[in-house]
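Grab your viewer and work through the exercises below with the model loaded. Each one sets a task and then walks through a solution.

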Amino acid sequence: MILKILLPLLLICFCSIISASEGPHKRWYTEEQVAQGAPLFAKFCAECHGKQAASTPEWRKQDAEGYYPPPPLNGTAHTWHHQLPLLQRTIQEGGVKFGGKMPSFAEKLTAAETDAIIAWFQSLWSEKIYNTWSGQGISRVQQPAFMDKLPR
Ligand code: HEC
């Protein structure tokens with residue numbers, strides 16, 4: 001009985017690992033989200049992070065007061081180290097709480113709008129960066145929910 005349920009699940013997992021490691025990786029967002037995110041980014045984020053999210057090449061240099069400049073979000077800085085929930089939180093809560101300078105957007109952007117903005121800047125990421133971000137080709141948002149409960 002258990003096998004009857006487990007076997008197809010394992011098969012699905014296995015197949016998605018195989019397909020994920022080949023060719024362009026399917027991304028978690030839709031084209032609609034990217035299109036929705038573009039004007040929102042231009043309105044709320046571009047003044048600091050740059051129109052194409054490229055910010056400044058000097059993003060690793062602290063200013064005289066010890067603050068870091070807004071990093072590029074286009075895949076060239078370290079944004080790809082952060083999983084989706086952390087990206088969502090950074091945008092919603094801002095960086096002030098953590099000793100940074102980025103304002104909170106909790107009052108200005110809904111969760112869906114925040115996701116659309118992330119979709120837009122991730123659409124600038126290369127396949128390689130995106131796949132590294134999504135963890136050996138398997139995005140956490142695409143993992144079947146039960147995988148979160150498995151011991152690592
Ligand atoms: C007033 C300038 C400013 C605005 C506006 C701003 N940011 Fe930021 N952002 C920063 C700074 C500065 C940092 C570096 C951390 C800190 O100081 O809080 C940062 C950090 C981040 C990070 C973390 C990046 C990483 O690699 O760790 C993300 C993601 C981010 N911003 C996204 C956004 C998005 C999306 C918007 C628009 C909704 C936005 N920011 C608007 C200044 C800004």
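Trp59 counts as partly exposed, with 16 C-beta neighbours inside 10 Å; the label buried needs 20 or more other C-beta atoms within 10 Å, exposed needs 12 or fewer, partly exposed is in between, and C-beta atoms are placed from the backbone. Before going on, note that this is a predicted model, where local features need pLDDT of at least 70 and side-chain atom pairs count only at pLDDT 80 or more, while totals for chains, interfaces and linings use all residues. Residues are numbered from 1 along each chain as its sequence is written.

**Exercise 1.** Find where Trp59 sits and list which residues it touches, leaving out those up to four places away in sequence.

*Solution.* 
- Start with the location: Trp59 belongs to the loop between H3 and H4. Helices (H or I, at least four residues) and strands (E, at least two) are DSSP runs, numbered from the N terminus.
- Next, collect the contacts, meaning C-beta atoms, placed from the backbone, within 7 Å. Trp59 touches Tyr68, Pro69, Pro71, Pro72 and Ala77.

**Exercise 2.** Describe the overall fold in terms of helices and strands.

*Solution.* 
- Count the elements: there are 6 helices and 0 strands, giving α-α-α-α-α-α along the sequence.
- Then look at burial: 20% of the 152 residues count as buried.
- Now take the contacts with a separation of 6 or more: 60% of them come from residues 24 or more positions apart.

**Exercise 3.** Which residues make up the largest nonpolar core, and which element gives the largest share?

*Solution.* 
- Set the rule: a nonpolar core is a set of buried Ala, Val, Leu, Ile, Met, Phe, Trp, Tyr and Cys residues joined through C-beta atoms within 7 Å.
- Apply it: the largest such core has 12 residues, namely Phe41, Cys45, Ala53, Leu73, Leu87, Ile91, Ala116, Ile117, Ile118, Ala119, Trp120 and Phe121.
- Sort by element: helix H4 (84-93) and helix H5 (111-122) each give two or more residues to this core. H5 has the largest share, with 6 residues.
- Zoom in on Phe41: beyond four places in sequence, Phe41 touches Ala46, Ile117, Trp120 and Phe121.

**Exercise 4.** Work out how H4 and H5 pack, and which residues make the contact.

*Solution.* 
- Get the geometry: H4 and H5 pack at about 115 degrees, with their axes 10 Å apart. The axes are lines fitted to C-alpha atoms over the stretch in contact, and angles run from 0 to 180 degrees between N-to-C directions.
- List the residues: Leu87, Gln88, Ile91 and Gln92 of H4 meet Thr114, Ile117 and Ile118 of H5.
- Class them: this contact has 4 nonpolar, 3 polar and no charged residues. Here Ala, Val, Leu, Ile, Met, Phe, Trp, Tyr, Cys and Pro count as nonpolar, Asp, Glu, Lys and Arg as charged, and the others, Gly among them, as polar.

**Exercise 5.** Is Ala53, with its positive phi, buried or exposed?

*Solution.* 
- Recall the background: most residues other than glycine have a negative phi.
- Read the angle and the place: phi of Ala53 is near 60 degrees, and Ala53 is in the loop between H3 and H4.

Notes:
Contact = placed C-beta atoms within 7 Å.
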